[in-house]
Amino acid sequence: TLSSSSAASDVYKRQLLVRAQLGDQIATEPEPDWVHDWLDKRREKATKPKKEEKDYTPEEQEQLAKGKAKRQESRMAKVNAGVLELERWLEDLIRVGLLDLPNWPTKDFETMAARMVDAQATGLANWVRALGQLSFGEPDKWQKEAMTILGKLFGLIQSWKNYPHLSPTWQESLKNLLGWSQSPKELKTDLEALAIKDDWIVLGQEKEQYDSLEVERTWLWGSESNQSALILHFGNTFAPIANPLIPGTILPAQLAFFPAVLPQRAVLRMQNGQIPALKQYPKLAEDGLSLLSLEASQLAINPWLNNQAYLLAQSRLIREEEDWYLLDQTGKLIPIVSNFPIEKLMYLLALLGADRKDMALVLRNRKALPLGLFNDRQYISL
């Protein structure tokens, strides 16, 4: 995407579109000067040698530490102000009455979500958006989901207000939940971070768009450690996502995990190629009840846990009326998330037929987001 003054940029973009459609049938004017300037700067940046890392003196290191502490203090003040603003907004919502929630304009939720982004608490913004995106056409469903979201939000707010009295691990967990965590670059070099070396199965990916921000989630599973992991990548119009992880591959690699009471989010620290098949078959939940019991035990540790990956033994896909389910080997049903793409459902149905397979999935609000299935010691991602 080229950028300059809006008028010149729009004219030149229209020329590019016309040229793409008509080719050499038209005559075009020479590119404007700002295009040449932009290209020159890009070439200069590409050919400019990288700066070597500087060895800082003790005095410079002290100044850098002071600057970092000042930035942390400033962000803490913004987050605290955002939390208090959200608490007052939620109290107003409850005071008006939960049954009036469907009458609230969508822009009210988007405005509050934007306020949380401004307060540098993007995690809270996601909860607010979820509240405004409930299926209000289904009364029994949306009321239960609204109560769940409100309960977790109020719990998170009260926990944050108690932040100074919590353990360092819980403090880091709350920061992660609010969208304020250690940078991936720092985590890669942090020798104290939890790091697990394993054959990691890239289970699947999911992309979501928030205005101009694109978020890509990648779930992995350690075949020996039986540790699940979630890696996030972010992009926008000017900086597309560059994710080297390919669903369905098996990577001998080391992952470093962000500090948390229940480690989940991670970064790829080092990788040693790929392997065609699993050396060791991972551990699976035997049925849906075991799966939900495992999730419940993890929720007892971290009540805000969501989007966690699991492995389920010998299940297949079925449809009842308009809804799709995973059927485990005991005959229990796990509903599939309502917005799951139909083309992926058809692909999964084609892979399974009437057979049962070991499967990977994400539990989201007690519903399944299928990621793929195992075929002997190989993994097929959807």
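Reply: The structure holds 10 salt bridges, where a salt bridge is a side-chain nitrogen of Lys or Arg within 4 Å of a carboxyl oxygen of Asp or Glu. Keep in mind that this is a predicted model, in which local features need pLDDT of at least 70, side-chain atom pairs count only at pLDDT 80 or more, and totals for chains, interfaces and linings use all residues. Residues are numbered from 1 along each chain as its sequence is written, and side-chain values use heavy atoms, with hydrogens and water left out.

Let's begin with Lys 161 and Glu 87, whose closest N and O atoms are 3.1 Å apart. Lys 161 lies in helix H6 and Glu 87 in helix H3 (residues 58–96), so this pair ties together parts that are 74 residues apart in sequence. Helices here are DSSP runs (H or I, at least four residues), numbered from the N terminus. How covered are the two partners? Lys 161 is partly exposed, with a relative accessible area of 43%, while Glu 87 counts as buried at 10%. Buried means under 20% relative accessible area, exposed over 50%, and partly exposed in between (1.4 Å probe, protein chains only).

Glu 216 is another buried partner, at 5% relative accessibility, and its side chain meets Lys 207 in a salt bridge (3.7 Å, N to O). Now look at Arg 319 and Glu 322, with 3.2 Å between their closest N and O atoms. Arg 319 is partly exposed at 47%, and Glu 322 is exposed at 63%. There is also a network of salt bridges, linking Glu 206, Glu 208, Arg 217 and Arg 364.

Next come the surface patches. These are made of residues with over 30% relative accessible area and no salt bridge; like charges are joined within 9 Å, and nonpolar side chains (Val, Leu, Ile, Met, Phe, Trp, Tyr) within 5 Å. Glu 138, Glu 320, Glu 321 and Asp 323 gather in a patch of negative charge.

A nonpolar patch is formed by Ile 342, Met 346 and Leu 349, with about 240 Å² of accessible area together; accessible areas come from the Shrake-Rupley method with a 1.4 Å probe, and for residues only the protein chains shown count as cover. Ile 342 belongs to helix H10 (residues 342–352) and is partly exposed, with a relative accessible area of 48%.

How values were computed:
Lys, Arg positive; Asp, Glu negative; His and termini not counted. Charge placed at Lys NZ, Arg CZ, Asp CG, Glu CD. Helix = DSSP H or I, 4+ residues; strand = E, 2+ residues; numbered from the N terminus.
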